[in-house]
Amino acid sequence: MLTLANSCSSFLDRDPQGQAVDTPVYYDDPENAQLAVNACYQAIAQDQGVIAHMQEWMFGEVMTDNSWKGGSDFGDMQDVQMLKEWTAVNINGPSHSAWKTYFQAIHRANTAIKGISPATSFDEELRDQMVGEALFIRAYSYFYLVRLFGDVPLFTEPVSPDQIGAVGRTPVKDVIAQIEADLELAADYLGNKSEMDLGRATSGAAKAYHARVIMYDIGIWKSNDHTWQEVYDLTNDVITSGQYSLASNLATVFEKDGENTSGSIFEVQHTTSNTGWANNNTGSTSPILTAPRGTADIKGWGWGFLNPTQDLVDEFEENDPRLDWTAGQNGQFAHGIAQGVAESQFLSGYFPRKMLMDAALRPNEQSDNPQNQRKFRYADILLMNAEAAYHLGNEGIARQRVNEVRDRARSMTYPKGWTEGANDYPPRDNSGTLPEVTASGAELLEAILHERRVELALEGLRFWDLLRTGQYATAIQKENIGYREGITGAIVVGNMNGKMLNGVPVLPIPAGEVASFGLTQNPGY
C-alpha cells in the first residue's frame, strides 16, 4: 500500500504536461499560434454546412435570374427553392448553416486575435501576419453575414457564457465599420501574394474585399458616406501592385491547373481528406451538388443543382466563347466525357460548365472533392475599377478595363475536354467576336454591368449586383427563371417585400439563435 501511495503521489505532483488553449502561454508558441489561424480557414471551408448544405451560389445565383435550383424535383433541397421564392421560414437549412458556420469562424478568429496579439517569444512580423490573417477571416465572415441577415451581433472578442441570452443586434452601419477596420489593418499586416504561403489571405485580398464592401455599401446600405473614389483607389492599388494578371486562357481558371494562379485574389482551399460527410473534412461538396444528374442515355455523377437560366444564356453576345464555358448542354463533352443534361419542370436544360470538376479528381467520398472555391478573381477587380471610373467621369479608363476583360475572353480556347476522350484545351477561332466597347454615358454603364454578368456568372455575385444597382425586383419578375407552377414574379416580389430590414431584403435568423441569444427576428419570419 505504501508503494501505491507513493506512486499516486508522484503522479499527482507532476508539472502540467501541456497548456490550456485559453491561456497566453499557449499562443506564445508559433506552432500553436499557426494552428489557431489554420482553424479559422477551416471554418470558412465548411461548405457542407453545420446544419444543411450551404454554398454561396445558393444565395448569390439561385435567388436571381441567373439560375434555377435544379435537383431531382422541387422538393429536393426545398429550403433553397423557398429562398428563391422568398417563402423561407426561420428554420431554413442553408440560412441556418450560414449563420452557424460564419459565427464559428468569427469565434475562432477572435480567439486567435486575442491569443496571438500579445505574443513575445517569436518574430513580431510573423505574429502580425498571423493576426492579419485572423482579422481577414473575421471581416470575410461578417461581410457574409451582414449581406444575408442585416443587423447581426458584433463580437470582437470570444463570446463569454454571461453573454448568452443577452446579446443585441448591431446596426449594419457599425458592422460595416468594423469590417473595414479589420480589412485595413489586415492589409497592413499581411504580405502580398508573392510573399505569403499559397492559399493564405494577402494584402491584395484585404484591399479587394474592402473595395467590394464599399461598393456594396454605396448601393445597398448607404450607411457610411462612401464614395466611388474609394473603390477606384483600392482596386487601383490591387491592379498596380504587380501581383495579379488575367490568365491567358479563361478556360483554365476553374480547372485544377488554374487554382491559385495570377488571376486569383482569394480562394478557399480544398483537398481530399477521405473523412466522409463530416464538417472536419477538407474537401468541397459543391462539385457533386452542381454536376449534371445525367439522363436515361447518359449516366450522370452529380445532383444537378445550379441550373443556368435561358435568360442568362440569352445575355451572352453572339459567339461569345464564354457561353460554352458557362452553360453546358446535353450531349456536350467535358473533360472528354459526354454530359447528360435533362430538361423538365425543375431542370432548365443547362448545367454550370465552369464549375464542373474533372472526373479524374473524384474522390472515394462524394463530399470530399479537391476543388477550391474561387471567391475573388482579378477580372472582378478590373470590372469594379471600370465601374468606379465611370462614376468618377473617367470613361476612358472604364472602357480600357472592360476591354481588357473582353480581350482575354476573345483569346480563350474551348473548355477543357471539349472533344470525346480528350482532356486538353482545343483552340477555337474567336475572330470577329466581342468587339471593343466604345460606348459612353448610360450605355457604357450598361456595358460594364453586362460584362459583370457574363464574365462572373454563377460565381455567387449576381444577387448583390442586382441589389446594389436597384434591379433586383425587376430581375426576379422575369419568365422562366425557375419558379414552381403557379408562382409568378409578382408573387415573389410581394413575398420579398414582407422581409425587408431598413429597405433591404434579408433572410431568417435561425429560431434557436433568436431564443438562445435574445435576438429580435428579421421581419416576416
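Helix α16 has 14 residues, which should span 20 Å at 1.5 Å a residue; its end C-alpha atoms are 20 Å apart, so the two values agree. This is a predicted model.

How much of α16 is buried? Of its 14 residues, 10 are buried, so the rest of the structure largely encloses this helix. The buried residues are L444, A447, I448, L449, H450, E451, R452, R453, V454 and E455.

E455 sits in helix α16. Its relative accessibility is 0%, so E455 counts as buried. What does E455 touch? Setting aside neighbours within four places in sequence, E455 is in contact with L250, R322, W325, K354, R377, A379, L383, V405 and R408.

An α-helix has 3.6 residues a turn, so residues three or four places apart point the same way.

**Helix α9**

Helix α9 covers residues 203–221. It has 19 residues and reaches 25 Å from its first C-alpha to its last, close to the 27 Å expected at 1.5 Å a residue. Is α9 enclosed or open? Buried residues make up 17 of its 19, so α9 is largely enclosed by the rest of the structure. Just after α9 comes K222, with a positive phi of about 50 degrees.

Helix α9 also packs against α14. The contact uses A208, A211, R212 and M215 of α9. From α14 it uses D380, I381, M384 and E387.

| Helix pair | Axes come within | Crossing angle | Handedness |
|---|---|---|---|
| α9 and α14 | 11 Å | roughly 45 degrees | left-handed |
| α14 and α16 | 10 Å | roughly 165 degrees | left-handed |

What do the angles say about direction? The α14 and α16 axes cross at roughly 165 degrees. That angle makes α14 roughly antiparallel to α16. By contrast, α9 and α14 are oblique to each other.

**Nonpolar cores**

In soluble globular proteins, nonpolar side chains tend to be buried together. Here the largest nonpolar core has 118 residues. Which of its members touch the most others? They are F136 and I179. Helix α7 (residues 124–149) gives this core its largest share, 15 residues. Apart from it lies another core of 22 residues, among them M77, A247, L250 and I288.

I179 touches A139, Y142, F143, V146 and V213, leaving out residues up to four places away in sequence.

**Positive phi away from glycine**

Most residues other than glycine have a negative phi. L306 is not a glycine, yet its phi is positive, about 60 degrees. L306 belongs to strand β3 (residues 305–308). Its relative accessible area is 0%, so L306 is buried.

N319 also has a positive phi, near 65 degrees, and is not a glycine. N319 lies in the loop between α12 (310–315) and α13 (322–326). Is N319 buried or exposed? With a relative accessible area of 53%, N319 is exposed.

**A buried lysine in a loop**

Where is K416? K416 lies in the loop between α15 (395–410) and α16 (442–455). At 12% relative accessibility, K416 counts as buried, because the cut-off is under 20%. Apart from neighbours within four places in sequence, K416 is in contact with E255, D257, A334, H335, R353, D358, N423, D424 and Y425. K416 and P426 are 10 residues apart in sequence, and their C-alpha atoms are 7.4 Å apart in space.

**Helix α17**

L466 is found in helix α17 (residues 462–468). L466 has a relative accessible area of 2%, so it is buried. Not counting residues up to four places away in sequence, L466 touches T64, D65, Q471, Y472 and A475. L466 and L449 are 17 residues apart in sequence and 9.6 Å apart in space, C-alpha to C-alpha.

Technical notes: Residues are numbered from 1 along each chain as its sequence is written. This is a predicted model: local features need pLDDT of at least 70, side-chain atom pairs count only at pLDDT 80 or more; totals for chains, interfaces and linings use all residues. Side-chain values use heavy atoms; hydrogens and water are left out. Helices (H or I, at least four residues) and strands (E, at least two) are DSSP runs, numbered from the N terminus. The expected span of a helix is 1.5 Å times one less than its number of residues. Buried means under 20% relative accessible area, exposed over 50%, partly exposed in between (1.4 Å probe, protein chains only). Contact means heavy atoms within 4.5 Å. A nonpolar core is a set of buried Ala, Val, Leu, Ile, Met, Phe, Trp, Tyr and Cys residues joined through side-chain atoms within 4.5 Å. Axes are lines fitted to C-alpha atoms, for helices over the stretch in contact, and angles run from 0 to 180 degrees between N-to-C directions. Angles under 35 degrees count as roughly parallel, over 145 as roughly antiparallel, 65 to 115 as roughly perpendicular and the rest as oblique. A crossing is left-handed if the near helix is turned anticlockwise from the far one by less than a right angle, and right-handed if clockwise.
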